[in-house]
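Here is a short briefing on one protein chain. Look at the sequence and the model first, then work through the points by topic.

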Amino acid sequence: MTQTTTGDMALQLRGYGMTTAQILYRMPDHPKLLQTYIWQHYDIAPDFPEMKSFLKFWQEKLDGPLHSVRYVHRRLISATEWRALKGEFVIN
């Protein structure tokens, strides 16, 4: 298991889920045109601190003004899906 996979699992066990946001923004040189950007990250609902931090960064540092943000969130591991093992079988 890689460090990233281990880190991802640790986040999921702490209640993080996958948040995907579709960000529509105006092109800086052509404000009538909209461009889309897909952002995906582990985040905690309903406050979404990671997404809010990213959107704050966008507004402060990037030229394309935001038009709209649509997002979905899914916890990948829930309490009913996680259980501790009491034993282990080792096969060769």
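Predicted model: local features only at pLDDT ≥ 70, side-chain atom pairs only at ≥ 80, totals over all residues.

The chain holds 2 helices and 3 strands. Read along the sequence, they follow the pattern α-β-β-α-β.

**The whole chain**

- The chain has 92 residues, and 20% of them count as buried.
- Take the contacts between residues at least 6 apart in sequence. Of these, 58% join residues at least 24 apart.

**Helix H2**

- Helix H2 covers residues 49-61, which is 13 residues.
- Which residues of H2 are buried? They are Met-51, Phe-54, Leu-55 and Trp-58.
- Seen down the axis of H2, these buried residues fall within an arc of 95°. They therefore line one face of the helix.
- The other side of H2 has exposed residues: Lys-52, Lys-56, Glu-60 and Lys-61.
- What covers the buried residues of H2? The cover includes strand S1 (17-26), strand S2 (34-43) and strand S3 (66-74).

**The nonpolar core**

- The largest nonpolar core has 9 residues in all. They are Ala-21, Ile-23, Tyr-25, Trp-39, Phe-48, Met-51, Phe-54, Leu-55 and Trp-58.
- S1 and H2 are the elements that give two or more residues to this core.
- H2 gives the largest share of the core, 4 residues.
- Which residues does Trp-58 contact, leaving aside neighbours within four places in sequence? Trp-58 is in contact with Ile-23, Tyr-25, Tyr-37, Gly-64 and Leu-66.

**Aromatic rings**

- A search of the whole structure finds 7 aromatic pairs.
- One of them joins Phe-54 and Trp-58. Their ring centres are 6.0 Å apart, and the angle between the planes is 70°. That pair is edge-to-face.
- Phe-54 and Trp-58 are 4 residues apart in helix H2, so about one helical turn separates them.
- Both Phe-54 and Trp-58 are buried.
- Ring pairs also build a cluster. It links Tyr-25, Tyr-37, Trp-39, Phe-54, Phe-57 and Trp-58.

**The loop between S2 and H2**

- Pro-46 sits in the loop between S2 and H2. A cis peptide bond joins Ala-45 and Pro-46, with omega about 5°.
- Phe-48 is also in the loop between S2 and H2. Phi of Phe-48 is near 50°. That is a positive value in a residue other than glycine.
- Is Phe-48 buried or exposed? The cut-off for buried is under 20% relative accessible area. Phe-48 has 7%, so Phe-48 is buried.
- Phe-48 also belongs to the largest nonpolar core.

- Thr-36 lies in strand S2. At 40% relative accessibility, Thr-36 counts as partly exposed.
- Thr-36 and Tyr-25 are 11 residues apart along the chain. Their C-alpha atoms are separated by 6.4 Å.
- Leaving aside neighbours within four places in sequence, Thr-36 is in contact with Gln-22, Ile-23, Leu-24 and Tyr-25.
- Where is Pro-65? Pro-65 is in the loop between H2 and S3.
- Pro-65 has 44% relative accessibility, so Pro-65 counts as partly exposed.
- Pro-65 and Tyr-25 are 40 residues apart in sequence. In space they are 5.5 Å apart, C-alpha to C-alpha.
- Not counting residues up to four places away in sequence, Pro-65 touches Tyr-25 and Arg-26.
- Tyr-25 itself is part of the largest nonpolar core and of the ring cluster.

Note on methods:
Residues numbered from 1 in each chain as written. Heavy atoms only, no water. Expected span 1.5 Å × (residues − 1). Buried < 20%, exposed > 50% of the residue type's maximum accessible area, 1.4 Å probe, protein only. Arc of directions from axis to C-beta. Contact = heavy atoms within 4.5 Å. Core = buried A, V, L, I, M, F, W, Y, C linked by side-chain atoms within 4.5 Å. Phe/Tyr/Trp six-rings, centres within 6.5 Å; stacked < 30°, edge-to-face > 60°.
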